[in-house]
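Please work through each task before reading its solution.

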Amino acid sequence: MVQPIDLLVETASQTAGPYVHIGCIPSFAGLAGVYPEDLGLSPIAEGAQGEIVTITGAVHDGMGWAMRDAMLESWQADAQGRYPGTPGADPHVSGFCRFAADKDTGEFTLRTVRPGAVALPDGRRMAPHISLWIVARGINIGLQTRIYFEDEDNSADPLLARIEQRPRVETLIAKKTGEGRFRFDIRLQGAGETVFLDL
Amino acid sequence: MTGTGRLMPRRREVHPVASDPDYKTSVSRAPTWPLLSMESTPSEETGPRFGHSLIGPLDNNLILNFTQGQAPAVGERIRVHGRVLDETGRPVPHTLVEIWQANAGGRYRHVKDTYFAPLDPNFGGCGRTLTDGEGRYEFLTIRPGAYPWPNRANDWRPMHIHFSVFGHAFGQRLITQMYFEGDPLIARCPIAATVRDRSQLDRLVAPLDLQNSRPMDYLAYKFDIVLRGRRQTMFENKPQGM
């Protein structure tokens, strides 16, 4: 016999289901009046430092169908690469946004500031990126991924360097479509399946 | 605050399988490539915080919050309470817990729910609260009804409440469902069955907590939630080999 390891076990995930909006984005469900406003409407407030960028995209299932019932959350650093809540972080950047795929088109839009590169404790730097978390009916545990930017130097990013099949790196890189505008499509399966993360 | 250390790797075997033919929608929505695993970084170790100013006085009272206290919802009155802990057993204080659920007849107040069970004019179906300093939370609500759903020919969801929990790190983010002790539909539910380990599914089933029920008012159900923990060590944040 040995001593027991006295750790608890994480609670199992269950799908967010088709009605996730009731709890998370009530106005999307047609449910008004319980809260003054939905949580996480914008990751930035007036006065946020840095370049404003707008990222549009969709979450595609294995058929390539843009899902109409996905909900996404984003988390990011400010323009200097500081996470909200850490010393010196931009007080106008909450860093958190919650948004839904459009119920008619499946398109989502995230308007935010371009994040800065984030330092790791060992001194390496992660290229500017936005963390994403995706839930929906049929997704049994939230999917983690990241949005990187086509016009940044991503060559030394430690996470992207871990991707063995180099063409897959492209699935994490938002494509520039105009000044301050990017496109980021998420594919759950099939050609160009997005790299999902476990970290 | 539960520290700033690296997150313990997620024990994926605890969680549901991604693709399950008995839960038909999951088949076309499950990634087929393995996940890319890596040590957590500040992007996962930090996360949004929400303050008490966010929470209204009725936010955790689903019996009253849709009518702002004007009229109570129909249904069996229940209190759902518990603690949010992490894997190390520490409470997760001041973290946001959101819930949503069907009404007593099994109908959601959502533009996409077309089940013919009637809406309750006094029930919205969402609630939220922050845990206290010891990680405790509570909601007052009504027991949600079971309902049929389009999957296999005759599938019914057991009574359940959806939970969304933040923790203090984006990598702790969790959505799950709470089931009710004694519900015979749990064992027949293909969504519950995506959790392959029966002992882990059992942890999603809230027991009746009669001692915390209020006589002549409500029954209580206890539901504790465990989020990923952080390693606690001095040997962190140093370059490899040092």
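**Exercises on aromatic contacts**

Over all chains, there are 15 aromatic pairs, where rings of Phe, Tyr and Trp (its six-membered ring) pair if their centres lie within 6.5 Å, with planes under 30 degrees apart counted as stacked, over 60 as edge-to-face and the rest as tilted. This is a predicted model: local features need pLDDT of at least 70, side-chain atom pairs count only at pLDDT 80 or more, and totals for chains, interfaces and linings use all residues. Residues are numbered from 1 along each chain as its sequence is written, chains are lettered from A and ligands numbered from 1 in the order in which they are written, and side-chain values use heavy atoms, leaving out hydrogens and water.

**Exercise 1.** Classify the pair of B:Tyr23 and B:Trp149.

*Solution.* 
1. The ring centres are 5.7 Å apart and the planes stand at 75°, so the pair is edge-to-face.
2. B:Tyr23 lies in the segment before helix H1 (24-27) of chain B and B:Trp149 in strand E6 (residues 147-149), 126 residues apart; helices (H or I, at least four residues) and strands (E, at least two) are DSSP runs, numbered from the N terminus.

**Exercise 2.** Describe the pair of B:Tyr137 and B:Phe163.

*Solution.* 
1. This edge-to-face pair has 5.8 Å centre to centre and 70° between the planes.
2. The pair joins strand E5 (residues 136-142) to strand E8 (residues 160-165) of chain B, its members 26 residues apart.
3. B:Tyr137 is buried because its relative accessibility is 4%; B:Phe163, at 0%, is buried as well.
4. Ring pairs link B:Tyr137 and B:Phe163 with B:Phe139 and B:Phe223 into a cluster.

Note on methods: Buried means under 20% relative accessible area, exposed over 50%, partly exposed in between (1.4 Å probe, protein chains only).
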